[in-house]
Amino acid sequence: MKKHWKGFKKGQGKDSPAVNHLVFPALALSLSSLHSPSVWALDSGTQVHASGFKDLFEFLTPVKQEVKGVGSPAIVEAIGDVVLRVKEKGSLSVLRLKDVRYIPTAPVNLISFGKLKSLPDVSLVSVPAGISIQKNGCHLFTAVEEDDLF
């Protein structure tokens with residue numbers, strides 16, 4: 001049985017806001033425009049999915065560890081799952097991110113490009129609009145370029 005974060009109810013993240021932006025970090029990164037529970041950066045430089053927004057998690061298992069590759073070394077307080085609900089062109093797609101690190105000081109929500117592409121049923125395809133994230137060959141959503149980010 002999974003141990004849950006103190007004061008956190010299982011399933012609390014189910015009603016989290018739908019993601020309205022997926023961006024892929026390039027060299028320039030505007031942290032102020034990315035600090036939102038509904039914005040996730042698809043990051044090729046990090047080895048873990050990470051978020052500083054506790055309400056996005058379906059559950060959290062407390063841990064104490066340091067993680068590198070999310071900018072400067074950061075303290076992880078818990079690990080859990082986040083379900084992304086992405087609205088694109090009127091349709092809603094769902095993608096579960098497992099083992100997401102809860103880092104309270106994280107200025108940006110991060111999706112690890114490497115971890116995402118290693119999933120057996122997920123593929124990342126370059127398209128004119130950006131990067132198409134597909135599950136079992138079906139398009140879920142597109143990471144689009146915005147302010148020098150994808």
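Trainee: Buried means under 20% relative accessible area, exposed over 50%, and partly exposed in between (1.4 Å probe, protein chains only). Which of these is Lys98?

Mentor: Lys98 is partly exposed, at 49%. This is a predicted model, where local features need pLDDT of at least 70 and side-chain atom pairs pLDDT 80 or more, while totals for chains, interfaces and linings use all residues. Numbering starts from 1 along each chain as its sequence is written, and side-chain values use heavy atoms, without hydrogens and water.

Trainee: What does Lys98 form a salt bridge with?

Mentor: Asp81, with the closest N and O atoms 3.8 Å apart. A salt bridge here is a side-chain nitrogen of Lys or Arg within 4 Å of a carboxyl oxygen of Asp or Glu.

Trainee: Is Asp81 buried or exposed?

Mentor: Buried, at 7% relative accessibility. Asp81 also forms a salt bridge with Arg96, at 3.5 Å. Arg96 is in strand S6 and Asp81 in strand S5 (residues 74-88), so the pair ties together parts 15 residues apart in sequence. Strands are DSSP runs of E, at least two residues, numbered from the N terminus.

Trainee: What else is in that network?

Mentor: Glu58, linked with Asp81, Arg96 and Lys98. Glu58 forms a salt bridge with Arg96, the closest N and O atoms being 2.6 Å apart. Glu58 is buried at 13%, whereas Arg96 is partly exposed at 35%.

Trainee: Different topic. How are S8, S9 and S10 arranged?

Mentor: As an open antiparallel sheet in the order S8-S9-S10; pairing takes at least two DSSP bridges between two strands. The edges are S8 (122-127) and S10 (138-144).

Trainee: How many bridges join S9 to S10?

Mentor: Six. Ile133 stands opposite Phe141 in S10.

How values were computed:
Helix = DSSP H or I, 4+ residues; strand = E, 2+ residues; numbered from the N terminus.
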